[in-house]
Amino acid sequence: MSMFKWDVVHDGRTPPPGEAVGPRERLSWGRTAGLGAQHVVAMFGATFVFPVVMGLDPNLAILFSGICTIMFLLITNNMVPSYLGTSASFVAAVAAIRSQGGDSADVTGAILVAGLVLAVVGVAVHFAGTSFLHKLLPPAVTGAVVMLIGFNLAPVVAGVYWPQDQWIALLTAGVMVAAAVLLPGFWGRIAVLLALIFGYVVSWLADVVFGPITSFVPAAGEEVAHDRVSWAAVEAADWVGFPSGDLADGVSVVHGPSFSLTFILLVLPGVIALIAENTGHVKAVAEMTGDDLDPYMGRAIGADGLATAFASAFGGSPTTTYAENIGVMSATRIYSTAAYYFAALVAILLGLCPKFGAIVNAIPGGVLGGITVVLYGMIGLVGAKIWVENRVDFGDPINIVGLAAGIIIGVGNVTLVFSDDFQLGGIALGTIVVIVFYHLVAWKRPGTRRTDEGGEEVTRAL
């Protein structure tokens, strides 16, 4: 079968309730385009919010998300339906790089290397299988690394976004939580976008009713009086054009990467999170479609790595497979990869609209405070979710003691100084300690142990 041939099912019409449409199947092109639009909306909020909080350009991120999605579909032979949106796994490391004086070129250079490392892992998994990954990164370790990545971001919310407008932040966070939990199906999946729109509107109303606010502005480095919403840049932006101009740190929007070993080590732990995300995505899609996608696991991981490296080479944001789009597929039971090509094309068109990027860059700081306080916490709790789903036994001292030090080092930004020019701290040091301390003692775990009561052998959870 040609890669670009999808079998038309159900006469191109919407399938009856309970009927599924597979990855290499499609409905009519009109309905397929409509499904692609739904995927755009689902990925929309997080894909441009994360570049903003990393100090990168949202227009460029959206543009490359479309290009990289097409790249992913081609590498996986159109068998793994997925959208590659902006990854949150590097947000904490980017904050650490900037706090140490790094600029956007340092950020994208470090992420580019991480993407290449992920691509190498994908190649290894494709040819050798996943067993070695499970041994090096069992659920106990993976959960701990994801947890420390998320919780390491707490000072960013507290010191950068929240102080800009605490009440708008609180209202936005409340709406996001309520929307994600209380709204049905697809609407709950776009809670980030709904909360952002709400916060935008409330901020504009606050300007009308209360006037300018005096608060901390990161660009100014001090408290200043300012409108919550300013669309001066939106009015000046063109409707059509390539992403251009300078970022807040003076680096060009489209730029080449710069490489520093210290900064590279800061972002490498994000690779572990991306491995977990991609593996979970492929398994989830396989469960929904009933297809055996294990042969495509390495391709999916490698494709995400190459996409991240490719986007970063031009100043774009890192990518990952998006759970938001799994939600759309779960609700519709339509897994056609043809819909994702439409979604990618729409994203590319949005990326070529500077006015759209200006609207994103005008998001009030208080709105970002409300969104990030929830998103960052969710990233951390995904680590706990990995533990729960894999039944990690914290009655086992190997799990609780072997992971404890690394988590505190990562969350608390503890630093180990080697010289004036090289030091390890925070996420990088925490991840190394988690992996080393865990495997330092994990060899002692027997395959089975006996219970005190009946003498029955019970396998320990890793």
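Predicted model: local features only at pLDDT ≥ 70, side-chain atom pairs only at ≥ 80, totals over all residues.
Residues are numbered from 1 along each chain as its sequence is written. Local features need pLDDT of at least 70 and side-chain atom pairs count only at pLDDT 80 or more, while totals for chains, interfaces and linings use all residues; side-chain values use heavy atoms, with hydrogens and water left out.

Q: What makes Lys5 and Asp7 a salt bridge?
A: The term requires a side-chain nitrogen of Lys or Arg within 4 Å of a carboxyl oxygen of Asp or Glu. The N to O distance here is 3.3 Å, so the pair meets the definition.

Q: Why is Lys5 called partly exposed?
A: Buried means under 20% relative accessible area, exposed over 50%, and partly exposed in between (1.4 Å probe, protein chains only). Lys5 has 45%, and is therefore partly exposed. Asp7, at 31%, is also counted as partly exposed.

Q: What makes Asp165, Asp207 and Arg228 one network?
A: Arg228 also meets Asp207 in a salt bridge at 3.0 Å, N to O. Salt bridges that share partners join the three residues.

Q: What makes a set of residues a nonpolar core?
A: Its members are buried Ala, Val, Leu, Ile, Met, Phe, Trp, Tyr and Cys residues joined through side-chain atoms within 4.5 Å. The largest such core has 127 residues, and Phe48, Val49, Phe50, Tyr376 and Leu403 touch the most other members.
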